[in-house]
Structures are given as C-alpha cells and as structure tokens.
Amino acid sequence: MARICPNCGTRNKMGNNQCPKCGNSLLSVIDSELIALKDMRVYSIIVLVFAIFGTLSFALNILNSGSIASGGLFAFLGLGVSGSLGTTITTIFIFLEVVIIASLFFQIVSYIYLRSCFSKLRPTDFNFSSPKTGTTLLIIGLVLAMVGIAVLLALVIPLIASSPGSITTQTPFALAVFALAGFVVVIGGILTLIGYIMGVLLGTHRMATKFEEPMFDIGWILLIVSLFFSPLALAAGILFLQGANTTRRRLIEVKSGATVQPS
C-alpha cells in the first residue's frame, strides 16, 4: 500500500516526500499520518490498560479456582456466601452491571480514537474506508449492547433479589421490555462482531501493509487468540503501541530529511 498524492492521485512509495509525477510535496500527507498515529497510540494505551486488568483477573481466577459452592468465585468478588441469598445475588448483579457497563464505555472510547485514526488516513488512502465504516458499526454496536444490558440488569436485579421465580409471573408489558432489551443486545452484538472484523482486525492489518510495520499484523493476530487466552491481549497492546511509535519515528525522519533538502 502506497502513499497517494492528494494532487494527482499517483501512488508513491512510503519513503517519498515528493510526488515524482507532479512534483507535489507530500509533507501534508505525512503530517496527517503523524496525527493519525497519535490516535493509534491512545487506542493502544487503552488496550494495554484493559489487558493488564484482564491478565490480573486471569491470574486471580486461577489462584481462586474452584466451584462456586466452595467459594472460589465469591471469594474472588469479595462477596462471601453467608447472609441473605437475595442480598448476595443483588450485590453480585450490581457489581457485574458496573463492571460490564464501565468496560463497554472505555472500549467505546478506545474505538472512537481508532476510528479517528482511520478517518485521518482515509482522504489519501481509500483502503481505510472499510475500517472507518467498521469502527463506526463497532461503536454503534457497543452502545446498543451497553444500553440493552443496563436495561436488562436494571429489571432483573430487583426480581431475582425478591424471588428468582417472579420473572415468569410478570405482566405482558414487563415481558415485552425484557424481550426488547434482549433484542437490542443481540443486534448490538451482531454489529459489534462485524465492526470488530472490519474495523480492528482489517484496519490494523492495512496499517501494517501501508506503513510496512509487521508489529500491527502480529498485534491483531494476538487479539484474536486472546479471546481464548486473555493474557495475550497484553502483548497485542504492547505491539500496537510500539508499532505506532516506530512508524511515527520513521515518518518524522522522512519529513526531517525533506526539510533539509535544497529546493
């Protein structure tokens, strides 16, 4: 993938700072790429922070392994198994609601930065059209999922706390709200999956191709594997961040070389 001249549309090698066809300076394109990579760095840092917490949680789950009845899960949550069952269940659901919604919120923030990165690359490289669209779908999907989950948990918590069997005795309106919230979650999940593939995976792959930086490619592969082994997300975040920093340094060197060359 090459740097496209905004004046004549000619594809130039990444090391070019001037279009050989029309003579147009490519410094403005380099500037937009540098700004885009700043957004990529912010996205990488958020991924890294999430990966650190995910890795700690993974380690704690191993250390606290055991059945729920033996207190393994409850010990990890710090809730214990004594006291009123309804109170314990309510506490668990509230805790999970806060964690899930907070997680989705910060993921949305990270994808906003990733979308901003692709948006800045898109004017001079049409290959980032799909990743830009993908991150848009991803953000919409996560927002829908967050709203749906919040509604579901807000309705379920008091019901389970009072009587776990009371869900089946609710009014048609309440059941319709449950169904609608569940439908919103499903639609959000579908959009999130499509957006993740088009945005995160395809987008970082095209960044690897465009900037000739293999760390982006290794990073998205590790992200996929981390769905089954979460600690690998930590390595993915480090690779994304290092790839963005390395690419920025290379572009700054290209730009600096252009400014010292005689006109």
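Predicted model: local features only at pLDDT ≥ 70, side-chain atom pairs only at ≥ 80, totals over all residues.
Trainee: How many salt bridges does the count come to here?

Mentor: Look for a side-chain nitrogen of Lys or Arg within 4 Å of a carboxyl oxygen of Asp or Glu. By that rule there are four salt bridges.

Trainee: Which residue meets Lys 120 in a salt bridge?

Mentor: That is Asp 39, with 2.9 Å from N to O. Asp 39 belongs to helix α1 (residues 27-63) and Lys 120 to helix α3 (residues 85-121), so their contact ties together parts 81 residues apart in sequence.

Trainee: Is Asp 39 buried or exposed?

Mentor: Buried means under 20% relative accessible area. Asp 39 has 11%, so it is buried, while Lys 120, at 28%, is partly exposed.

Trainee: What does Lys 210 pair with?

Mentor: Lys 210 forms a salt bridge with Asp 125, and their closest N and O atoms are 3.2 Å apart. Lys 210 sits in helix α5 (residues 172-211) and Asp 125 in the loop between α3 and α4 (129-162), so this pair links parts 85 residues apart in sequence. Lys 210 is buried at 0% relative accessibility, and Asp 125 is buried at 0% too.

Trainee: And where do Arg 250 and Glu 213 lie?

Mentor: Arg 250 is in helix α7 (residues 232-260), and Glu 213 is in the loop between α5 and α6 (214-226). The closest N and O atoms of this salt bridge are 3.8 Å apart. Arg 250 is partly exposed at 30%, whereas Glu 213 is buried at 7%.

Trainee: Which residues do shared partners join into one network?

Mentor: Glu 33, Asp 125 and Lys 210 are joined that way, through salt bridges that share partners.

Technical notes: Residues numbered from 1 in each chain as written. Heavy atoms only, no water. Helix = DSSP H or I, 4+ residues; strand = E, 2+ residues; numbered from the N terminus. Buried < 20%, exposed > 50% of the residue type's maximum accessible area, 1.4 Å probe, protein only.
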